Amino acid sequence: MRIIAVDDEFIALEEFEDTCRSLGIEDEIVKFNNPLDALGYVAKNKVDIAFLDIEMPIIKGIELARRMKALSKNIRVVFTTGYSDHALEAFSVDAVDYVLKPYSPEAIKKAYDKALLIRDAVEENHVFIKTFGFFDVFVDGKSVNFSSAKSKELLALLVDRNGGIISTEQAVSILWEGRAYDETVQSLFRKVLKSLRASLEEAGVSDILIDNRNQRS
């Protein structure tokens, strides 16, 4: 997952990233003080969630959201603002949520979780996962390449749970059966998880993996 945050106040951007990290959100966060720079970034990169301030110079947040959605219809927009009188207009551009400043960590977490629940449009990449005989993943008929066998095993484990959540400790106990749950094996798991994310992102289907703090599905 990739998140962008756009605000004309540098302090607000730093506070937003600090809040996300305190919540255990480990997604890539790209911050912009200039809305035009953010728009250019969306034109060239896949962005999953955009947290946008509304009252900004150059381009207001509502107009910025409209332009971003014209470039990427699957981008989820959350507005963060100190003004409550823009709420109706915000939802006219299909905003996921509207968070008033000064916001609480709970408000950011609620907006983030809501964004995760929104599925991409159906014309996005189609995923087929074969579980009988061998475990293989195909995107639009093309096999997904996994750089490590363990990352493929981790995905198989998650698929076997049928959308159910699995913790790091549970995953470790299965992927490294019999090993002590210590810092070494936890570090191995983090590397495997990073490898899995990279493989799915390269295939254009990173959204099939939900990674939220110590819970994956």
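The model is a predicted one. It contains eight helices and eleven strands. The radius of gyration is 19 Å, close to the 17 Å that the globule rule gives for 217 residues, so the protein is as compact as a globular protein of that length. Along the principal axes, the C-alpha atoms fill a box of roughly 55 × 40 × 25 Å. Of the 217 residues, 43% are buried. Among contacts between residues at least 6 apart in sequence, 56% join residues at least 24 apart.

Charge is the next topic. The protein carries 28 positive and 36 negative side chains, and the centres of these two sets lie 4 Å apart. Side chains of opposite charge can pair when their charged atoms come close. The structure holds 22 salt bridges.

One of these joins Lys101 and Asp7, whose closest N and O atoms are 2.6 Å apart. This pair links distant parts of the chain, 94 residues apart: Lys101 lies in the loop between β5 and α5, and Asp7 in the loop between β1 and α1. Lys101 is partly exposed, with a relative accessible area of 26%, whereas Asp7, at 4%, counts as buried.

A second salt bridge connects Asp97 with Lys114 at 3.8 Å, N to O. Here strand β5, which holds Asp97, is linked to helix α5, which holds Lys114.

Arg21 and Glu17, which form a salt bridge, are both in helix α1, four residues apart, or about one turn of the helix. Together with Glu14 and Lys31, Arg21 and Glu17 belong to a network of salt bridges.

Notes. Residues numbered from 1 in each chain as written. Predicted model: local features only at pLDDT ≥ 70, side-chain atom pairs only at ≥ 80, totals over all residues. Heavy atoms only, no water. Helix = DSSP H or I, 4+ residues; strand = E, 2+ residues; numbered from the N terminus. Rg over C-alpha atoms; globule rule 2.2 N^0.38 Å. Buried < 20%, exposed > 50% of the residue type's maximum accessible area, 1.4 Å probe, protein only. Contact = heavy atoms within 4.5 Å. Lys, Arg positive; Asp, Glu negative; His and termini not counted. Charge placed at Lys NZ, Arg CZ, Asp CG, Glu CD. Salt bridge = Lys/Arg side-chain N within 4 Å of Asp/Glu carboxyl O.
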